[in-house]
Amino acid sequence: MVSLIATQGTLFDLETVLDYGQSILNVAQELTKSLIEKRTIGTKTIQSQMNRHFHGTAAEGAWQWKDAYEAVEVAQILYLRQKGYKLLLESPLTVLLELEKLVALCPTQTRRSEESVQLQQFSTPLPLAYLVAKAGFIKADDLILEPSAGTGLLAQMAKLHSASLMLNELAPDRTKILRRLFPGTPLFSVNAEQINDYLVGKTQPSVVLMNPPFSASPKINSRNPDATPRHINSALQRLADGGRLVTITANWFSPANPSWRETFLKWQDFARVLMSVGVNGKVYSKHGTQIDTRITVIDKVPADNPGEIPCISETLDLPEILALIEQLPQRSSWESSDIKAAAAIAKVVQLPKRSVVVQAETLSSIPDVVILEYEVVEWSATEGLKDTLYETYRPQRIRIKDALPHPSLLCESAALALVSPPPPTYKPHLPRNIVSQGLLSEGQLESVIYAGQAHGEFLSGSYIVDDSWDNVTVAATGEENAVKFRRGWFLGDGTGAGKGRQCAGIILDNWCQERRKAIWVSKSSALIEDARRDWCALGGSEKDIIDLGNIKLADPIPFTQGILFCTYSTLRSQKNGKSRLKQIVEWAGKDFEGTISFDECHSMGNAMAQEGKLGMVAASQQGIVGLRLQNALSSARVIYVSATGATIVSNLSYANRLGLWQTGDFPFTSREDFVESIEGGGIAAMEVVARDLKALGLYLARSLSLIKLELKILIIRKKSC
């Protein structure tokens, strides 16, 4: 968002109001390239990227070096997301050494802000974060709480083990970063000294990983040594019985220190200290300090001998601590919370682990998946067309118990509001928390229902598709090699209705029914981050989004399941007789019944040759290859997604799964006949098509309402000469 502020000094003065979290993420994405290429990140590189994405220099006050250091830490997280899963397959010592090499490429944090000093914001160095997570013995079904999440380094280590997360961070800027890095993850912004009180009634985590401020408390200016035990005690209270807490503290907070021994003895009544060992301060050298720290591991199980607390007073190097961690006992069985509604936070769909192999894998079960129940209601148009252009929107034929309304008020064109979709019968399979936590609104769930309804049907007739996937001809009943085309569905929502989230919901519905391959085609490669955000927000894992751009054209796609993301330009690319289209079709398989989501599908406009002012205009290559993909995978569940789907007739020329022509469902014998007829009627004819498609349950188009819209008048004054 850009706000124009009238100030003095230039002809037109502009002040850019930045999305801080996104700006940090943008800088980090550039710095990650250096880490992947094993190049040192220099201060000039950082300054250049910070100046670019913060629209100004540090000298001008556009950013501080603390912000730059946050971006470097986020770059380490992004590196882990690309390389960490493969790295964890190596031996623990190899992982530790590789992480130390990675940190060595980063600059030393030599400058502090007032906030970082006041709140003692010393992030966990990556090698140390690895040891903390390893000491937690994390499993895929764990719910991890990080009460002082910082920039998310510890959280990302837990995420590498496919665990679910709950995060808390008091600092506003760091909270903005975490929202961008971990979309859809429960995130709180409270004083972690009272985390148990603030989270009353919420799910209890099975593992707590924490690096709290050592002696600082909010709104207390003086040093407060009691901060550390308060943080740990509150986290222990929140931890599920049988769970494990691993914390980094100052080295002075030790069971061997007489000042704190009584605190540890009190904990022994309900929580057993397994290990407490000092950490050599050199691990923090890249963070601008050499302070000795301590790792303490506590299981929430009463101690057999409360007076005996394992403790190593001296400080050790990380490889020595790794050896101690590998000798820790396995975790006790932990008891999940009895609060079923909140338990859904941890029980999102547990997507199975996947290795980069070609052979088939055994799929793990998905817990807590339910069939979405809803009530079908009667509907009738009680009034005629009104003077208003738009009507407030609510699903016309269904009511979903406990479903939340869309966060912003939705509306629909008055013409579309006069017709309703048919009563559906299809019931999606979704994780229970999708409804209980409002991860999909009522309107978005309606899309999942009607998409599933459409995908359960096939277009009339049988067809023969030639080897080029270009030509489709009607086949006689029972003809050899004839195929039937599964019906598609069109989502025409405007900005703000959450089209990406709805695509992810439709894919998740199929994922929960063991259709574990999907294809997501979009306009830009940068939109893969939006796809990951929407998929992860529903409980998915980033690992499930496969970037086709990272796979060579000549190589087979080495994943047996996942959501294949590519752009339209990538889809049409070919070289030396190899094509991306063929690569995708071979990966999907001829019996593919998963979802194909054509996001921003108007990018495939002009999928047929048309008469122009200067003669015939050839069909676009993107439109042609989009049709070929649909023809090649006849049983695919196709979704068309575009806010401009019903404005230009050429924007429907690729939508052969709607049955608008050739099938007998509509009175058009061919695509050319359809385009010619509708073009003659202009936008009014397109509106009739949209109404008919909605009445058939094949189209929904909602927009954000302008009711309660706040306007701010900004005055730009010219500088006087």
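Reader: In what order do the strands of the open sheet of seven strands lie, and with what pairing?

Author: In this predicted model, the order is β21-β22-β20-β25-β28-β19-β29, and the pairing is parallel.

Reader: Which are the edge strands?

Author: An edge strand pairs on one side only, and here that applies to β21 (545-547) and β29 (699-700). β21 runs parallel to β22 (residues 562-567), to which three bridges join it. Within this pair, I545 stands opposite I563 of β22.

Reader: Which strands of the sheet does helix α17 touch?

Author: Helix α17 (residues 499-511) packs on the sheet and touches β19 (489-491), β20 (517-522), β22, β25 (595-599) and β28 (637-641). The direction of α17 makes about 165 degrees with that of β20.

Reader: Let us turn to helix α8. Which of its residues are buried?

Author: In α8 (residues 172-181), the buried residues are R174, T175, I177, L178 and L181. They lie on the same side of α8, because the arc they cover around the axis is only 160 degrees. Their packing partners are α1 (20-36), α3 (65-87), β4 (164-168) and β5 (187-188).

Reader: How many aromatic pairs does a search of the whole structure find?

Author: The search finds 16. One of them is formed by W65 and Y69, a tilted pair with 5.9 Å centre to centre and 40 degrees between the planes. W65 and Y69 are four residues apart in helix α3, so about one helical turn separates them. Both residues are buried.

Reader: Which parts does the pair of Y463 and F485 tie together?

Author: Y463 and F485 also form a tilted pair, at 5.7 Å centre to centre with 40 degrees between the planes. Y463 belongs to strand β17 (residues 462-465), whereas F485 is in the loop between β18 (472-475) and β19, so the pair ties together parts 22 residues apart in sequence. Y463 counts as buried because its relative accessibility is 4%, and F485 counts as buried at 7%. Elsewhere, W252, F253, W260, F264 and W267 form one aromatic cluster.

Reader: What does the pLDDT say about the chain, and where does it stay under 50?

Author: The chain averages a pLDDT of 83, and 85% of the residues score at least 70. The value stays under 50 over residues 1-16, a stretch with 22 contacts beyond four places in sequence in the model. Over residues 336-365 the pLDDT is likewise below 50, and that stretch has 79 contacts beyond near neighbours in sequence.

Methods: Residues numbered from 1 in each chain as written. Predicted model: local features only at pLDDT ≥ 70, side-chain atom pairs only at ≥ 80, totals over all residues. Heavy atoms only, no water. Buried < 20%, exposed > 50% of the residue type's maximum accessible area, 1.4 Å probe, protein only. Helix = DSSP H or I, 4+ residues; strand = E, 2+ residues; numbered from the N terminus. Arc of directions from axis to C-beta. Contact = heavy atoms within 4.5 Å. pLDDT = per-residue confidence, 0-100. Pairing = 2+ DSSP bridges. Axes fitted to C-alpha atoms, helices over the stretch in contact; angles between N-to-C directions. Phe/Tyr/Trp six-rings, centres within 6.5 Å; stacked < 30°, edge-to-face > 60°.
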